Amino acid sequence: MCAAVALNMAAADISSPDGNLLLNVDVNAQGEPYYNLSYKGKPVIVDSKLGLVAKEAKFKDNFKILSTDTASFNETWHPVWGEYQDIVNHFNQLTVNLQNTDGLLMNVCFRVFNDGMGFRYEFPLQDKANYLAVLDEISEFNFPADHTLFAIPGDYDTDEYLFTEARISEMPEAMKKYAGRHSESQRTKDLEKTIQTPMLAKTDDGLYINIHEAALIGFPAIQLDINPETYGMKTHLTPDKLGVRGYIQLPFNTPWRTIIVSDDAREILASQLILNLNEPSKIEDTSWIKPMKFIGVWWEMFTGREKTWAYSDDYRAKPGVTDYTKLKPNGRHPANTENVKKYIDFAADHGIDAVLVEGWNEGWEDWASYRKNRQFLFDKHYPDFDLPYLRDYAKEKGVKLVMHHETAANAQDYERQLDRAFQFMKDNNYDAVKTGYVGAIIPRSEHHTSQGMVDHAQYVIEKAADYEIMIDSHEAPRPTGLIRTYPNWLAQESARGGEFESMGGNPPSHTAILPFTRLKGGPMDYTPGLFQLDLSYYNEGKTGKAMSTLARQLALYLTMPSPMQMAADLPENYQRFPDAFTFIEEVPVEWKDSKYLEAEPARYITVARQDKNSDDWFVGAITDDNARDAVIDFSFLEPGVSYEATIYADAPNAHYLDNQQAYIITKKKVNNKTKLKQHLAPGGGAAIKVSPIRK
Ligand code: NOJ
Ligand code: CA
């Protein structure tokens, strides 16, 4: 027995602080490291291999465990903004130090929390390996049975997909419908059985399992290859054009691979595990980071009125043509002085912090074409957008302008302009920017989720922090909790957002699955708040409908929380429904506490959140395309205090397809004993403001 231990240490195991999760790590007969995980005695992950293959060295087999280290950690930290003011970071840690017969060293660090676990590879400095070109990561997530999955198809370049709900064994077949469907898609043959993370699995006996990654720095994003026969999943790293997944220099720690587990769906929503696995804020003075609500000319471009980001339709605007005053304006350009002024006035009148203006700068004439003859300039405004005037006007009105940097995926060009672009923002009183990467990445050797673009995102967010600028990034790698380290990264799109309500629609289940999946990495700039949901209203040839009731649009401010939250519709539509707009005016964007009251993935979510800056609570409830009675248990309220609830709800005959704007607003006294049954229409929702009644 002693001899066996000398050759190879016995298996290591570790449990979560509450003892519900048990992790076991060992090496098999081939010396391949593997782990398994159980929750309350039920298998979550069965034996799943670990390792990494580089061109220069294989960290895969012939390993033995040299030693193990354990540690425990328990702290409460306070994010700059978010769903909670206090976040508990409590885990037990196990590091398994491995060496293979080639003398290569690899340590795997596991952290087991009450709500799941994370692991990462920590490659120490060593003689036999230095610079590595990573070809593959072995990490497996093998399930014991054919669970139901909620996931989007694998794709190196876009995540703007609807979710598919299917058994593991059926998922590859179910995703075939997406082949070549998306304009930005770089789906290739090797992605036919691949899904993106964060994904959610539900077992037949009621376990919920979310798999994703945390702290994606200096490495490509992960996706997961499905084996439909064994119900297995294996990490699939986004490659560059040469097929290399990542270039690393040792010592190097990979991002964390994360597994959130619970038998209560609400706990998946409440989990802060991914944030906990990220480093604390690198920004010391965070006083300049300010969550905000904003409006913008943006929806004008989506309503079917043929409005454009471009000032001119003159495609002769080739490189070298710099004098825009010589181009003929197209007259369909919302980013003009008069129009933006109206938005500033509306924001000032309604307590909205900021106005986003897309299409303000030179370069849009050719932006979506793959020729990309023109590149964007981030310090040159169009002739009809009087930036100095609007800057001063907005300041006078106490409203911020939000900058827009669409790069058309020319990341390299953006990096070259970045200092100038950020300095231009500071000089003109802008402190937040929405960035965008539409199209195939330049340099062409990179994908949206390859290491080069992960590095680019880090470069941009760090540079932004230097300039005290907040970022809302679109078409960037999916978030992995880096908002903890860089709290100036307020929001990301990185999923199919509200804009698709004008391009085929988002079925109601979409916003009932995003919080279980995509939102685990960080907040989403989903752009809620559409009141004019039937687009034929605009009488400009567009017939589509947003798949939602009006009341549901209000509830999304709670179920899709973001510190940078848009009121997406046009001011004129808000003016038609001023009583409903009151909710958008009043709903906060940062929270003291959050309580998930009811939840089932892709079906329904009911959440209560306490305003960070007052004693008010706000409740949001949504359902899928089925009507539902939400049961709101107000026991979270302070005992002995009476509250007034203002309820924005679907009218009894409301429906997300043919009676979208039927809502009713009622007031009710509630206290911590109240249980309210609240009707939600098919595709509907309810939003409630709860304020203490002061005597
Ligand atoms: C795609 C973004 O998601 C959208 O919000 C933006 O308006 C366009 N790109 C133009 O930048
Ligand atoms: Ca987008």
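**Conventions.** I number residues from 1 along each chain as its sequence is written, with chains lettered from A and ligands numbered from 1 in the order in which they are written. Because the model is predicted, local features need pLDDT of at least 70 and side-chain atom pairs pLDDT 80 or more, while totals for chains, interfaces and linings use all residues; side-chain values use heavy atoms, with hydrogens and water left out.

**Entry 1: helix α5.** I took helices (H or I, at least four residues) and strands (E, at least two) as DSSP runs numbered from the N terminus. Helix α5 covers residues 337–350, 14 residues in total, and spans 20 Å from its first C-alpha to its last. That is close to the 20 Å expected at 1.5 Å a residue, the expected span being 1.5 Å times one less than the number of residues.

At the N-terminal end I found a cap: a side-chain oxygen of asparagine 336 lies 3.2 Å from the backbone nitrogen of glutamate 338. After α5 comes glycine 351, with a positive phi near 65°.

I then asked which residues of α5 are buried. I used under 20% relative accessible area for buried, over 50% for exposed and partly exposed in between (1.4 Å probe, protein chains only). The buried residues are Thr337, Asn339, Val340, Lys341, Tyr343, Ile344, Phe346 and Ala347. An α-helix has 3.6 residues a turn, so residues three or four places apart point the same way. The cover over the buried residues of α5 includes β22 (292–296), β23 (354–356), α6 (387–397), β24 (400–406), α11 (571–576) and α12 (578–586).

**Entry 2: leucine 356.** Leucine 356 is part of strand β23. This residue counts as buried because its relative accessibility is 1%. Beyond its neighbours within four places in sequence, I listed its contacts (heavy atoms within 4.5 Å); they are Phe294, Ile295, Gly296, Val297, Val402, Met403, His404, Lys434 and Met566.

**Entry 3: glutamate 365.** I located glutamate 365 in the loop between β23 and α6. Its relative accessibility is 2%, so glutamate 365 counts as buried. For polar contacts I required a pair of N or O atoms within 3.5 Å; within protein, one must be able to donate a hydrogen and the other to accept it, and residues adjacent in sequence count only if both atoms are side-chain atoms. The side chain of glutamate 365 makes one such contact with the side chain of tyrosine 324, at 2.9 Å. A polar atom of the glutamate 365 side chain also lies 3.2 Å from the backbone nitrogen of serine 312.

**Entry 4: cavities and a pocket.** On a 1 Å grid over the protein atoms alone, a cavity is a set of points where a 1.4 Å probe fits but cannot get out; a pocket is an open set with protein on both sides within 12 Å along at least five of seven lines, and lining residues have an atom within 4 Å of a point. Grid points are joined across faces, edges and corners, and a volume is the space filled by probe spheres set on the points.

I counted seven cavities of 30 Å³ or more. The largest has a volume of about 120 Å³, and α8 gives the most to its lining, with four residues. The second largest cavity has a volume of about 90 Å³, and α8 provides the largest share of its lining, five residues. The second largest pocket has a volume of about 510 Å³. Of its 33 lining residues, Trp81, Gly82, Gln272, Leu275 and Ile483 are closest to the centre.
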